[in-house]
Amino acid sequence: MTIKFGLIGGGVMGSALLSRIITCGIYQSSQVIVSEPQASRRSFLEQQYGVVTTTDNSAVFTQATDVIFLAIKPQVFSAIAIELVDAINININNGFSSLVISILAGVSLHKLEAAFAKLPIIRAMPNTPATVGAGVTAITAGTNADSHHLETARKIFSVVGEVVEVPESLMDAVTGLSGSGPAYVAIMVEALADGGVAAGLPRVIAQQLALQTVLGTAKLLSETKLHPAELKDRVTSPGGTTIAGVSELEKAAFRSALIEAVKAATIRSQELGK
Ligand SMILES: NC(=O)c1ccc[n+]([C@@H]2O[C@H](COP(=O)([O-])OP(=O)(O)OC[C@H]3O[C@@H](n4cnc5c(N)ncnc54)[C@H](OP(=O)(O)O)[C@@H]3O)[C@@H](O)[C@H]2O)c1
């Protein structure tokens, strides 16, 4: 069967995507090739997903007809790109002009287009919850990518969560919010559980209550489309417990801390991209 989908880098993000792409039937195992240097990961990927693997990144470019997905660390990108020049030409001469999708943090469309000239490119920024199918991915199209390519990228990332399209100028802000956001939320869950323990709850129960409160509130807001302020107003009864807690959050500048965290992470992302 023709190889349609190529993955370069079968690590955490690459294999999470691969798993769901195959489960959801976007591509069949026999249509996938994965390039990965580590022998143990290659045999895992072969056994778990039934895909062909290689250590040769060029083989991915010369064989995959539809999509080439880059999931390597940004630090190795330049070295890899240099090795691929001939393979990219073969890809184009074979009439594939495969769509290149990159999830490399901080690697701009400008850099990607310099490396993969003439190929259509989509830059994407997923987040860690994608590994459990609950992520959100921002995508942005390069010069040679058309609406059909964007649709393909949407289809691929929708198997690991929601997808939004943004201009590339907003990718740093995406990194500051949804990219770094799982850490902020994890700290919040930990702190809520600590509060529960301080109030006398056993650690295990406090952890469960904290986690399910965050999960449940997110689900409620998502399903009802309630504005967060509206939900807050509904659960704060006059002179009650919740307004006493909210008052302490305001005193500690909780909102401002989150706003500043997103701004600081955005600025850091801009600095790292230079
Ligand atoms: N994890 C996230 O939540 C997240 C979110 C957004 C974006 N991203 C982006 O996703 C990319 C991958 O992140 P990750 O967390 O999945 O990292 P990872 O687990 O380290 O995966 C990278 C994989 O690429 C392999 N690799 C290294 N050199 C290679 C080469 N020359 N050719 C082919 N494969 C090579 C690595 O193998 P070895 O282990 O043998 O080096 C590893 O299996 C990064 O660019 C990151 O910026 C990740």
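Select I205: at 41% relative accessibility, this residue counts as partly exposed, because that class lies between buried (under 20% relative accessible area) and exposed (over 50%), with a 1.4 Å probe and protein chains only. The model is predicted: local features need pLDDT of at least 70, side-chain atom pairs count only at pLDDT 80 or more, and totals for chains, interfaces and linings use all residues. Residues are numbered from 1 along each chain as its sequence is written, and side-chain values use heavy atoms, leaving out hydrogens and water.

Next, display helix α10, residues 203-224, in which I205 is located; helices are DSSP runs (H or I, at least four residues) and strands are runs of E (at least two), numbered from the N terminus.

Now turn to the open sheet of 8 strands, ordered β3-β2-β1-β4-β5-β6-β7-β8 with mixed pairing; strands pair if DSSP finds at least two bridges between them. At the edges stand β3 (52-54) and β8 (161-165), each with a single partner strand, so one side of each has no neighbour in the sheet.

Within the sheet, select β4 (residues 67-70) and β5 (residues 99-102), which pair in the parallel sense over 4 bridges. Which residue in β5 is the bridge partner of L70? The partner is S102.
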